[in-house]
Amino acid sequence: MRVWLPCLLLLCACRPNPFAPVSHLEGLRIVAVRAQPPEVAPGDSVTLDALAVNTDDAADGGGIEIDWNACTLPSLPGSTSIPPQCFQSASGKYLVPLGQGLEVTGQVPPIDLSKLGLADSSGGIYLPIRARAKSPTDEVDAAYHLRVSHAGAAANRNPKLTDLLLVAAGGSTTALHEDTPVTVHAGDRLTLRASFSKDSAEIYSLPPPHQTEKVTEILRVSWFATAGSFSHPATGESKPDTDWRADQYLPARGTRIEIFAVARDERGGTDFARRVLVLR
């Protein structure tokens, strides 16, 4: 059985509309975190960047500042849960500062991997990273699971989104470009698909006692938007398409609507892409 790790947990999020689906972005949100490389050994350097949105601020970047910390507290025995103390304190010996900003480069603390909890089905052990986002009017915490390994182990790589495609009724596709907004009207429907580079789905060996077995990574895409709704908020190889509908949470005419695709593999790898619509 291959179990998916929830790579990003959103905590203390006072969402303006608690009844809206998770795919609807409103207010301050950390949508995803990407690590480069996505698998590191203790003591290695890692670059972390966040896909963060603040719909309450029209300025580019939403006036967001992010404070990054690694939490070295051990998980509870027999558990992979993140200790609540990682989020209850502003500072502590178990919180290792990694930097501030939408993108930071820091050093993974020299932690004993045996204290980080159980390995997942792919053999991965994960270090909790706390991303605390602040805007002029709000604050939200998110937890990212950074995959750590022993030095010299074959490391995972991030998947690579190559395009977000608009799928026509006959099956033909057109690539959407971030710097070219697409005009939409209330009631419109767009069929969307994400495409990956050929080397995104890696082959890896299972941990003991199944180390002779090799499996190919499963890639999935989660979809988010600042308006409208998705027929399928998550897509994959068996169902690659989702319909975005201009049917709810619509802004005033002439306003930009942002759509985001967050790609993940099953070993902590992440990539994301943004496209823009304009409501007329």
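Predicted model: local features only at pLDDT ≥ 70, side-chain atom pairs only at ≥ 80, totals over all residues.

Biologist: What makes C71 and C86 a disulfide?

Modeller: The cut-off is a pair of cysteine sulfur atoms within 2.5 Å. From C71 to C86 the S to S distance is 2.0 Å, so the pair meets the definition. A search of the whole structure finds one disulfide.

Biologist: Which hand does the link of C71 and C86 have?

Modeller: The link is left-handed, with -75 degrees about the S-S bond. C71 belongs to strand β5 (residues 65–71) and C86 to helix α1 (residues 85–88), so the pair ties together parts that are 15 residues apart in sequence.

Biologist: Which residues have the most contacts inside the largest nonpolar core?

Modeller: They are L48, W68 and I129, in a core of 28 residues. Two or more residues each come from β2 (28–36), β4 (45–54), β5, β8 (125–134) and β9 (139–148). Leaving out residues up to four places away in sequence, I129 touches several others, including L48, W68, L98 and Y144.

Biologist: What lies apart from that core?

Modeller: Another core, of 21 residues, lies apart from it; L164, A194, A227 and F230 are among its members.

Biologist: Why is the pair of W223 and F230 called tilted?

Modeller: The ring centres of W223 and F230 are 6.2 Å apart, and rings pair if their centres lie within 6.5 Å. Planes under 30 degrees apart count as stacked and over 60 as edge-to-face. The angle between the planes here is 40 degrees, so the pair falls in the remaining class, tilted. The search of the whole structure finds one aromatic pair.

Biologist: How do you know whether W223 and F230 are buried or exposed?

Modeller: Buried means under 20% relative accessible area. W223 has 1% and F230 has 11%, so both count as buried.

Biologist: Why are β12 and β18 called edge strands?

Modeller: Five strands form an open sheet in the order β12-β21-β20-β16-β18, with mixed pairing. β12 (182–184) and β18 (234–236) each pair on one side only. Neighbouring strands of this sheet are turned by 30 degrees against each other on average, direction ignored.

Biologist: How do you know that β12 pairs with β21?

Modeller: Two strands pair if there are at least two bridges between them. β12 and strand β21 (residues 270–279) have three, in the parallel sense, so they count as paired. V182 has L277 as its bridge partner in β21.

Conventions: Residues numbered from 1 in each chain as written. Heavy atoms only, no water. Helix = DSSP H or I, 4+ residues; strand = E, 2+ residues; numbered from the N terminus. Core = buried A, V, L, I, M, F, W, Y, C linked by side-chain atoms within 4.5 Å. Buried < 20%, exposed > 50% of the residue type's maximum accessible area, 1.4 Å probe, protein only. Contact = heavy atoms within 4.5 Å. Axes fitted to C-alpha atoms, helices over the stretch in contact; angles between N-to-C directions. Phe/Tyr/Trp six-rings, centres within 6.5 Å; stacked < 30°, edge-to-face > 60°.
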